[in-house]
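This report goes through one structure, part by part. The sequence and the coordinates come first.

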Amino acid sequence: MIDVLYFAWVRERIGLSKEQVESSAATVADLVEELKAREERYAAAFADLAAVRVALDQELAEFDAPLAGVREVAFFPPMTGG
Amino acid sequence: MRVRVQAEPFDFGAECGAFASGRADAGAVVSFAGIVRDDGGLARMELEHYPGMTERALQRIASEATRRWPLRDCLVIHRFGTMLPGETIMMVATAAPHRADAFAAAEFLMDYLKSRAPFWKKEFGADGAAWVAAKDADEKALGRWSED
């Protein structure tokens, strides 16, 4: 099981801030495809991946990164701090 | 080197005063504060963050600044939650023997925390609410710190 977290408008579109996902996805991109296939709200959130960032165990990562050993995946828009 | 992530307001002047006091080792202290700006009709801002990752990201950015410049100290405070126009969102302060390093390190901290620390701003006004979009210019600003 992987903890999947959503922030900002990704969270709003999916309607959840956190869930546990049973997945055999090898990479982040594979996990995204699994989620998109579930329901329209996931497809809407991940429609434009250029607008989505990902962190694996709280470190920024790329969509082709492997998920082996990862416990926490987070999806969110580009950051706007400061 | 200190990093604080908090919902509560903080006193920018008091933080700067405490940071700068008794520093015989540093001839230069630079500080910056980010304020909630009302471009017209902003009622409030809500800042969401990623607890855990936020602190790690800010620590990493502060450590990197300390590696690149001969800083005697640096301080980063960033708030989350609801803020009104005019409230202080965040601050950085740097202390170094000479001002060029203190200025450069403060700019570096700002450039990195704007697009590498997991914060997201949502603005609420008379016309409803909207997430603040990241600016291409903020991403490009990181390019000038490339060590390659």
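## Basis

This is a predicted model. Every value below is computed from it.

## The interface of chains A and B

Start with the contact count. On chain B, 26 residues are in contact with 21 residues of chain A. The size of an interface is often given as the accessible area lost when the parts come together. Here the area buried between chain B and chain A is about 1900 Å². Carbon and sulfur atoms give 54% of that area.

The polar side of the interface can be counted too. Between chain B and chain A, 15 residue pairs are in polar contact, with both residues at pLDDT 80 or more. Which elements of chain B give two or more residues to the side that touches chain A? They are strand E3 (42-49), helix H2 (53-68), strand E6 (88-96), helix H3 (99-116) and strand E7 (119-125). H3(B) supplies the largest share, 5 residues. By class, this side of chain B has 15 nonpolar, 4 polar and 7 charged residues.

## A salt bridge across the interface

Side chains of opposite charge can pair when their charged atoms come close. Across the interface of chain B and chain A, the rule finds 4 salt bridges. One of them joins Glu59(A) and Arg60(B), at 2.8 Å from N to O.

Where do the two partners sit? Arg60(B) is in helix H2 of chain B, and Glu59(A) is in strand E4 (residues 59-61) of chain A. Arg60(B) is partly exposed at 48%. Glu59(A) is partly exposed at 26%.

## Salt bridges within the chains

Over all chains, the search finds 20 salt bridges. In chain A, Glu39(A) pairs with Arg41(A), and their closest N and O atoms are 2.7 Å apart. Glu39(A) is partly exposed, with a relative accessible area of 38%. Arg41(A) counts as partly exposed as well, at 29% relative accessibility.

In chain B, the side chains of Glu107(B) and Arg144(B) meet in a salt bridge at 3.2 Å, N to O. This pair links distant parts of the chain, 37 residues apart. Glu107(B) lies in helix H3 of chain B. Arg144(B) lies in the segment after helix H4 (136-141) of chain B. Glu107(B) is partly exposed at 41% relative accessibility, and Arg144(B) is partly exposed at 47%. Chain B also holds a network of salt bridges, which links Glu64(B), Arg67(B), Arg68(B) and Glu147(B).

## Helix H1 of chain B

Helix H1 of chain B covers residues 12-20. Its buried residues are Glu15(B), Cys16(B) and Phe19(B). Seen down the axis of H1(B), they fall within an arc of 95°, so they line one face of the helix. An α-helix has 3.6 residues a turn, so residues three or four places apart point the same way. What do the buried residues of H1(B) pack against? Their partners are strand E1 (2-6), strand E2 (28-35), strand E4 (73-79) and E6 of chain B.

Asp11(B) caps the N-terminal end of H1(B). A side-chain oxygen of Asp11(B) lies 3.1 Å from the backbone nitrogen of Gly13(B). After H1(B) comes Gly22(B), with a positive phi near 65°.

Helix H2 of chain A covers residues 28-38. Val28(A), Leu31(A), Val32(A) and Leu35(A) are buried in this helix. Their directions from the axis of H2(A) fall within an arc of 100°, so these residues line one face of the helix. The cover over them includes strand E1 (2-6), strand E2 (18-21), helix H3 (40-45), strand E3 (53-56) and strand E5 (72-76) of chain A.

Thr27(A) is placed in the loop between E2 and H2 of chain A. Is Thr27(A) buried or exposed? Thr27(A) counts as buried, at 19% relative accessibility. Leaving aside neighbours within four places in sequence, Thr27(A) is in contact with Phe63(A), Asp64(A), Ala65(A), Pro66(A) and Leu67(A).

How values were computed: Residues numbered from 1 in each chain as written. Chains lettered and ligands numbered in written order. Predicted model: local features only at pLDDT ≥ 70, side-chain atom pairs only at ≥ 80, totals over all residues. Heavy atoms only, no water. Contact = heavy atoms within 4.5 Å. Buried area = accessible area lost by both parts, 1.4 Å probe. Polar contact = N/O pair within 3.5 Å; in protein donor to acceptor, adjacent residues only side chain to side chain. Helix = DSSP H or I, 4+ residues; strand = E, 2+ residues; numbered from the N terminus. Nonpolar A, V, L, I, M, F, W, Y, C, P; charged D, E, K, R; others polar. Buried < 20%, exposed > 50% of the residue type's maximum accessible area, 1.4 Å probe, protein only. Arc of directions from axis to C-beta.
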